[in-house]
Amino acid sequence: MSERPKTIDFGAPGAYGAHLFRVEIAAARNESVVIVEDYGYRGQEGGIPREEERVILPRPVWSAIADIARREFNDRLKAAGVLTGRWHTGTNLVDRLLGKELCVLAWAAETASEDKISVICSKWAALRPEERWWLFAMTVAEAGMPEDTQRGWRRALFLALSDGEKPVSRKRRPRPVEQDLFKLPLFDESK
């Protein structure tokens, strides 16, 4: 019987010095929630900072997105055989990949109105983890700090995930059938 890996909160490694995310939830309900990327041992090497704040969320926005993130993360942690977590006052540790996904959700929702947040949450939940990781990488490259709200990919995340209107239905046009990539002449091994 294999033993479960030692994790804390939302899949964060129990070992000291791991790269992870921290979600700082103040006890006062009117204070913001801060999401911090903590580079662990990698921090302070080769110009990498020890940690970087990624987003500061007003408490009502956090309250609106926290449950969907908890459910999504816990479903995946259960499937991986890892203990699940819950958000609590103070420091919440989050696995580095889940933390990236949480940032994508937080960035999309940070300036959204209450009615748009539910649309953002459902569209975020429909994304595959790899898509969220890619969106994190693109966003953090140019607009990954708290003061970068409404810039570049941060703004694009809001626009892409908050558009809840269905397009006017129209007949879909036929698309050409694409050849199998590995059957193209470039990959022909007989040459």
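This section describes the fold of the chain, the packing of its helices and several individual residues.

The structure is a predicted model. The chain contains five helices and six strands. In sequence order, these elements follow the pattern β-β-β-β-β-α-β-α-α-α-α. Of the 191 residues, 40% count as buried. Among contacts between residues at least 6 apart in sequence, 62% join residues at least 24 apart.

Helix H1 spans residues 59-79 and packs against H3 at an angle of about 20°, the two axes being 10 Å apart. Angles under 35 degrees count as roughly parallel, and H1 and H3 are therefore described as roughly parallel to each other. The crossing of H1 past H3 is right-handed. On the H1 side, the contact involves Val61, Ala64, Ile65, Ile68, Ala69, Glu72 and Phe73, which meet Ile117, Cys121, Trp124 and Ala125 of H3. By class, the residues of this contact between H1 and H3 are ten nonpolar, no polar and one charged.

The second pair consists of helix H2 (residues 96-109) and helix H4 (residues 129-143), which pack at an angle of about 70° with axes 8 Å apart. Because angles of 65 to 115 degrees count as roughly perpendicular, H2 is roughly perpendicular to H4. The crossing of H2 and H4 is left-handed. From H2, the residues in contact are Leu97, Lys100, Glu101, Cys103, Val104 and Trp107; from H4, they are Pro129, Arg132, Trp133, Leu135, Phe136, Thr139 and Val140. The contact of H2 with H4 comprises nine nonpolar residues, one polar residue and three charged residues.

H4 also packs against H5, at an angle of about 140° and with the axes 7 Å apart. This angle makes H4 and H5 oblique to each other. H4 contributes Trp134, Leu135, Met138, Thr139, Glu142 and Ala143 to the contact, while H5 contributes Gly152, Trp153, Arg154 and Leu157. Six of the residues in the contact of H4 with H5 are nonpolar, two are polar and two are charged. Leu135 and Thr139 of H4 take part in the contact with H5, and both are also listed in the contact with H2.

Two cysteines belong to the helix contacts described above. Cys103, in H2, is among the residues that meet H4. Its relative accessibility is 0%, so Cys103 counts as buried. Cys121, in H3, is among the residues that meet H1. At 7% relative accessibility, Cys121 also counts as buried, the cut-off being under 20%. A search of the whole structure finds zero disulfides.

The loop between H4 and H5 contains Pro146 and Gln150. Pro146 has a relative accessibility of 17% and therefore counts as buried. Leaving aside residues up to four places away in sequence, Pro146 touches Glu53, Arg54, Val55, Ile56 and Arg154. Of these, Arg154 is also one of the H5 residues in the contact with H4. Pro146 and Glu52 are 94 residues apart along the chain, and their C-alpha atoms are separated by 9.3 Å. Gln150 is partly exposed, with a relative accessible area of 34%.

Backbone geometry sets two residues apart for comment. Most residues other than glycine have a negative phi. Gln150 is not a glycine, yet its phi is positive, at about 70°. Asp9 likewise has a positive phi, of about 50°, although it is not a glycine. Asp9 is located in the loop between strand E1 (7-8) and strand E2 (12-13).

Two further residues are exposed. Glu114 belongs to helix H3, which spans residues 114-126. Its relative accessible area is 76%, so Glu114 is classed as exposed. The C-alpha atoms of Glu114 and Pro60 are separated by 8.7 Å, although the two residues are 54 residues apart along the chain. Gln44 lies in the loop between strand E4 (33-38) and strand E5 (51-57). With a relative accessible area of 59%, Gln44 is exposed, since the cut-off for this class is over 50%. Gln44 touches Pro49 and Arg50, when residues up to four places away in sequence are not counted.

Terms used
Residues are numbered from 1 along each chain as its sequence is written. This is a predicted model: local features need pLDDT of at least 70, side-chain atom pairs count only at pLDDT 80 or more; totals for chains, interfaces and linings use all residues. Side-chain values use heavy atoms; hydrogens and water are left out. A disulfide is a pair of cysteine sulfur atoms within 2.5 Å. Buried means under 20% relative accessible area, exposed over 50%, partly exposed in between (1.4 Å probe, protein chains only). Axes are lines fitted to C-alpha atoms, for helices over the stretch in contact, and angles run from 0 to 180 degrees between N-to-C directions. Helices (H or I, at least four residues) and strands (E, at least two) are DSSP runs, numbered from the N terminus. Angles under 35 degrees count as roughly parallel, over 145 as roughly antiparallel, 65 to 115 as roughly perpendicular and the rest as oblique. A crossing is left-handed if the near helix is turned anticlockwise from the far one by less than a right angle, and right-handed if clockwise. Contact means heavy atoms within 4.5 Å. Ala, Val, Leu, Ile, Met, Phe, Trp, Tyr, Cys and Pro count as nonpolar, Asp, Glu, Lys and Arg as charged, and the others, Gly among them, as polar.
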